[in-house]
Amino acid sequence: MSEGEYTADEIMSIVAARQLHDGQVCFVGIGLPSEAANLARLSHAPDVVLIYESGTIGARPEVLPLSIGDGELAERADLVVGVPEIFSYWLQAGRVDIGFLSAAQIDRYGNLNSTVIGSYESPAVRLPGAGGAPEVATSAGEVIMMLRQSKRTFVDSVDFMSSVGFGRDGSGRDGHPGKGPTVVITDLGVLEPDPATHELTLVATHPGIEVSEVLDSTGWDLAVADHMTVTEEPTEAELTLLRELKAKTASAHAAI
């Protein structure tokens with residue numbers, strides 16, 4: 001890959017990382033959210049406080065964790081507490097600013113599915129499950145979501161609602177304390193919920209991506225903002241940090 005080139009996954013992680021700021025308390029999911037959150041910590045937001053479901057507060061992993069139980073998360077954390085404390089004292093008590101989540105499916109109202117594909121009683125695929133994501137989606141101040149965009153992942157209505165966005169019909173959040181999803185970052189662009197209808201709306205594409213490509217990768221008639229923007233290209237510094245992090249992670253996990 002020549003200088004200045006980047007992959008769809010790289011710009012997705014970099015654009016997502018830019019959403020975080022110093023001083024925020026962020027509850028991080030494993031996978032793409034962990035990659036973006038740690039990129040933010042290593043670049044423009046060194047004082048972001050990363051919390052993982054296993055009880056690590058102020059986690060500073062040198063490589064990306066394999067799971068929430070990875071000892072890498074605890075090794076340099078500010079402290080480690082019990083799982084009940086993470087949820088009751090931190091998350092449900094309103095001390096988490098941002099929840100950073102991914103899933104197998106998302107629908108037009110920002111609801112997430114990490115449980116089954118197909119019917120719950122007789123699924124085509126049984127997924128690992130949502131873990132702590134339902135509580136994050138309910139109680140975090142706001143939620144950032146990251147998913148690769150295709151008609152398989154962006155569906156009109158999720159097969160099973162593991163984590164609430166704005167409900168099946170977009171009517172709202174039934175008194176849940178957090179704002180819910182405020183932005184969805186994909187490998188093609190950026191979506192935000194409409195303030196009135198709560199339906200996800202395309203507000204930006206990544207450089208070189210046409211709106212028609214995003215529409216063709218969505219399982220419903222995706223709304224498009226009147227004033228579309230294009231996300232800023234990754235800087236060389238951002239790309240270098242991300243690639244170094246992924247290379248260190250691959251090396252560390254090679255023998256596992």
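This is a predicted model: local features need pLDDT of at least 70, side-chain atom pairs count only at pLDDT 80 or more; totals for chains, interfaces and linings use all residues.

Biologist: How many helices and strands does the protein chain have?

Modeller: Helices (H or I, at least four residues) and strands (E, at least two) are taken as DSSP runs and numbered from the N terminus. On that basis the protein chain has 7 helices and 14 strands.

Biologist: Why does the protein chain count as being as compact as a globular protein of that length?

Modeller: The radius of gyration is taken over C-alpha atoms, and the globule rule is 2.2 Å times the number of residues to the power 0.38. For 256 residues the rule gives 18 Å, and the protein chain is as compact as a globular protein of that length because its own radius of gyration is close to that value, at 18 Å.

Biologist: What percentage of the residues of the protein chain count as buried?

Modeller: Buried means under 20% relative accessible area, exposed over 50%, and partly exposed in between (1.4 Å probe, protein chains only). Of the 256 residues, the buried share is 50%.

Biologist: Where is threonine 153, and which residues does threonine 153 touch beyond four places in sequence?

Modeller: Threonine 153 belongs to the loop between β10 (142–146) and β11 (181–185). Threonine 153 is buried, as its relative accessible area is 16%. The side chain of threonine 153 also reaches the backbone nitrogen of serine 150 at 3.1 Å. Contact means heavy atoms within 4.5 Å, and the residues touched, not counting those up to four places away in sequence, are Ala104, Gln105, Ile106 and Arg148.

Biologist: Is leucine 32 buried or exposed, and what is leucine 32 in contact with?

Modeller: Leucine 32 is found in helix α2 (residues 32–42). Its relative accessibility is 14%, so leucine 32 counts as buried. Leaving aside neighbours within four places in sequence, the contacts of leucine 32 are Met12, Ser13, Met146 and Arg148.

Biologist: What is the phi of aspartate 174, and is aspartate 174 buried or exposed?

Modeller: Aspartate 174 lies in the loop between β10 and β11. Although aspartate 174 is not a glycine, its phi is positive, at about 50 degrees. With 74% relative accessibility, aspartate 174 counts as exposed.

Biologist: Histidine 198 is a residue other than glycine; what is its phi?

Modeller: Histidine 198 lies in the loop between β12 (189–193) and β13 (200–205). Histidine 198 is buried, with 18% relative accessible area. Its phi is a positive value, near 70 degrees.

Biologist: Which residues does proline 234 touch beyond four places in sequence?

Modeller: Proline 234 has its place in the loop between β14 (223–230) and α7 (236–253). Proline 234 counts as buried, at 10% relative accessibility. Not counting residues up to four places away in sequence, proline 234 touches Tyr6, Ile11, Ile14, Arg18 and Leu239.

Biologist: What separates the C-alpha atoms of proline 234 and aspartate 174?

Modeller: Along the chain, proline 234 and aspartate 174 are 60 residues apart. The separation of their C-alpha atoms is 38 Å.

Note on methods. Residues are numbered from 1 along each chain as its sequence is written. Side-chain values use heavy atoms; hydrogens and water are left out. A polar contact is a pair of N or O atoms within 3.5 Å; within protein, one must be able to donate a hydrogen and the other to accept it, and residues adjacent in sequence count only if both atoms are side-chain atoms.
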